[in-house]
Amino acid sequence: MSDKSKIKSSHKGVATNSLMPRTQMPLRTLMISMTVMCYLACLAIGALLLITRAVDDWTSEIAGEVTVQVRPTGDVAMKDKLVKAAALLKATKGITRVDVLDKSAGEKLLEPWLGNAEVLNQLPVPRLIAVGIDQVNPPDFEKLAKQLSLTVKGASLDTHRRWQSELTRMGSSLVWLGIGVLALITLSAVALVVFASRSALDVNREVVEVLHFVGASDQYIARQVQWQFLKAGLQSGLIGTLAGLVTFFLLGISSSVTSSNGLAEASYSLLIGAPEVTIASYLLFLLVPILTTLICLIAARLAILRILRNAI
Amino acid sequence: MSNSGSIVSLQNVGLRYGKGREVLCDVNLELKRGSMQFLTGPSGAGKTSLLRLLFLAKRPTRGLISMFGRDIATLPRKGLPELRQKIGVVFQDFRLLDHLTVFENVALPLRVAGQKPADYRENVIELLGWVGLSEYADSYPPVLSGGEKQRAAIARAVITQPELLLADEPTGNVDPALALRLMRLFKELNKFGTTIVIATHDTNLIKGATSPVLVLNDGQLGFEG
């Protein structure tokens, strides 16, 4: 068999091996760390989604209802006051519902502070009217409050606006906190990739030198390394995200196994609920592997080029 | 200032590593295009350092180096690969990549230059046959003997038919018969216009030199013959 035929009969004889030996890359450590980062990022994103949805639900519930409080004054019968107030409210534009709550509703609210019903019976407990609001065309609350106090003695309007703004403020603080956590995770991920790139070049110093000597440019060498980082990033991104999704899924289905709780229901609706919610959730979760891959690719390339600039 | 007929020109070149003493002092050298020169001298005289300057692994700490008509001192980093592709180097320690097969090692400069395997396959196979490594094409360097590694390193250095070939002790690990064969390969390349510098202690090789031998002694370059 001639020399040529020997080589032709072999499956190799063409360049097939990667120029940078993958086995010598510190990719396993990077992958483990990046997977954990992605998992944490998914938890942070999930938490952000849950908080945002919860705050939205709470504020829209609060915004959809106001309460009128009618205090007993002695000179006019409570029943008359309630009828007057209800009539005024019903005649006001932007009000969808007027429910005069019975006496026990007010007493129930005071019970935790004042004790049993016997004590409450002796006290002039105010009566409450729950008022549904058309959120698209709400009434002029200031004007309504004035009219109420003028028409019904001892009546006042509680719009819950203070609670609403408190909730919104708390919600947005938590959202910013979540964004901060995500930013820190991103920063750590970049630092990890930079460190791993440096290690990859250190481990393969001899390979890099030979590549330089045979005329490879820095960009060429960076390309050989960056694709391995890209693959590692994609794999860790997918595994981390999958683990995150499984966590929320398990949290979600735990409501049917154990007693129902708010977090479980919210987690369930995040992934398996209404399409308008789940699509947004999945899109956000999908960003994690995409961004992880990009971080690995770009950070590795920039770090490698920077290091190579100081090489031979 | 480079002479139009010279491929390499060194003027008052000095080189030191870090803050140590100068390992090359006031080296002046003109390598004519198509010449073949031997570089000799005792161990530690600076032969490898001079070669490192010539294959652009180092820049001089002083003096002027012009290669292929380009001033190396002012050459931007991105210009180095283009010049290095014109240079073939045989390292004393071979510098073969252990994770690549012998075929892949020899084809490396072509692969880096962007050629497709289908375009260079035949050339690499032919050269491997020439250096007697055909049967090792799919082997990895760790299983080769010193002499076989040497031949693979030489094949890698000459596969691109470089304009300048620098060889550091290229026959140090091969038997006399193969040494002669390799020298014939160098001479063939030289005939086709490749400028060759061979650093060696082998007096048998130097005996056949037609141009003055470059002799390095304690960092100073002189000529013999």
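Where is the place of B:Leu39 in chain B?

Tutor: Happy to. This is a predicted model, so local features need pLDDT of at least 70 and side-chain atom pairs count only at pLDDT 80 or more, while totals for chains, interfaces and linings use all residues. Residues are numbered from 1 along each chain as its sequence is written, and chains are lettered from A, ligands numbered from 1, in the order in which they are written.

B:Leu39 lies in strand β3 of chain B, which covers residues 36–40. Strands (E, at least two residues) and helices (H or I, at least four) are DSSP runs, numbered from the N terminus. B:Leu39 counts as buried because it has 25 C-beta neighbours inside 10 Å. (Buried takes 20 or more other C-beta atoms within 10 Å, exposed 12 or fewer, partly exposed in between, with C-beta atoms placed from the backbone.)

Which residues does B:Leu39 touch, once its neighbours within four places in sequence are left aside? Its contacts are B:Lys47 and B:Leu50, then B:Val197, B:Ile198 and B:Ala199, and finally B:Leu214 and B:Leu216. (Contact has C-beta atoms, placed from the backbone, within 7 Å.) For a sense of distance, take B:Phe91: its C-alpha atom is 14 Å from that of B:Leu39, and the two residues are 52 apart along the chain.

Elsewhere in chain B, helix α3 (residues 102–112) packs with helix α5 (residues 146–158) at an angle of about 30 degrees, their axes 6 Å apart. (Axes are lines fitted to C-alpha atoms, for helices over the stretch in contact, and angles run from 0 to 180 degrees between N-to-C directions.) That makes α3(B) and α5(B) roughly parallel. (Under 35 degrees is roughly parallel, over 145 roughly antiparallel, 65 to 115 roughly perpendicular, the rest oblique.) On the α3(B) side, the contact is made by B:Val102, B:Asn105, B:Val106, B:Leu108 and B:Pro109, which meet B:Ala152, B:Ala155 and B:Arg156 of α5(B).

Now step over to chain A. There, 22 residues are in contact with 29 residues of chain B. The elements giving two or more residues to this side of chain A are α1 and α8. Chain A averages 84, with 88% of its residues scoring at least 70.

In α8(A), the buried residues include A:Val207, A:Val208, A:Val210, A:Leu211, A:His212 and A:Phe213. After α8(A) comes A:Gly215, with a positive phi near 100 degrees.

Chain A has 11 helices and 4 strands, and 29% of its 312 residues are buried. Of its contacts with a separation of 6 or more, 81% join residues 24 or more positions apart. One helix pair to inspect is α2(A) (residues 27–63) with α11(A) (residues 275–309), packed at about 155 degrees with axes 10 Å apart. These two helices are therefore roughly antiparallel. Their contact brings A:Met34, A:Cys38, A:Ala41, A:Cys42, A:Ile45 and A:Leu49 of α2(A) to A:Ser281, A:Leu284, A:Phe285, A:Val288 and A:Thr292 of α11(A).

Note on methods. Contact = placed C-beta atoms within 7 Å. pLDDT = per-residue confidence, 0-100.
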